[in-house]
Amino acid sequence: MKIFLILGVLNGFLAVALGAFGAHGLEGKVSEKGLSQWEKAVDYQMFHTMALFVTALLMSKIQTGLMTGAGWFFVAGIILFSGSLYAYAPTGIKTFAMITPLGGLSFLIGWILLGYAIIKHV
């Protein structure tokens with residue numbers, strides 16, 4: 001539980017910092033499409049930061065490996081999805097863009113595990 005709370009705090013901080021950097025540091029330096037991709041990375045990082053907090057808080061009520069799995073899939077999704085977009089937006093290197101769907105899949109698995117744990121144990 002504690003690790004997901006700490007990761008939630010760190011990711012919340014990073015999402016705000018990277019959002020500010022994108023809005024102020026990248027303006028005029030990358031294309032509009034690049035800025036849009038950067039913003040999407042920030043949005044998904046923040047959404048899934050909240051998912052980490054929910055997962056951590058529910059772990060005190062629902063004690064199953066499903067919750068731990070959900071948390072780690074959310075972490076993997078943030079790294080793969082948002083991380084690849086953070087790398088792709090300013091560089092345009094297509095290899096980074098090809099990683100993004102793996103992050104999306106990780107998010108989906110995390111949500112399925114979280115939902116299943118709630119249905120099964122609440």
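Me: This is a predicted model. Is W72 buried, partly exposed or exposed?

Reply: Buried means under 20% relative accessible area and exposed means over 50%. W72 has a relative accessibility of 43%, so W72 counts as partly exposed.

Me: How are the rings of F4 and W72 arranged, stacked, tilted or edge-to-face?

Reply: The ring centres of F4 and W72 are 5.1 Å apart, and the planes meet at 65°. Planes over 60 degrees apart count as edge-to-face. The F4 and W72 pair is therefore edge-to-face.

Me: How many residues apart in sequence are the parts that this pair ties together?

Reply: F4 belongs to helix α1, whereas W72 belongs to helix α3. The pair therefore ties together parts whose separation in sequence is 68 residues.

Me: What is the arrangement of the F81 and F107 rings?

Reply: F81 is in helix α3 and F107 in helix α4, 26 residues apart. Both residues are buried. Their ring centres lie 5.6 Å apart with the planes at 55°, so the pair is tilted.

Me: Is L58 buried, partly exposed or exposed?

Reply: L58 sits in helix α2 and touches M67, L114 and I118, leaving aside residues up to four places away in sequence. The cut-off for buried is under 20%. At a relative accessible area of 21%, L58 is therefore partly exposed.

Definitions and conventions
Residues numbered from 1 in each chain as written. Predicted model: local features only at pLDDT ≥ 70, side-chain atom pairs only at ≥ 80, totals over all residues. Heavy atoms only, no water. Helix = DSSP H or I, 4+ residues; strand = E, 2+ residues; numbered from the N terminus. Buried < 20%, exposed > 50% of the residue type's maximum accessible area, 1.4 Å probe, protein only. Contact = heavy atoms within 4.5 Å. Phe/Tyr/Trp six-rings, centres within 6.5 Å; stacked < 30°, edge-to-face > 60°.
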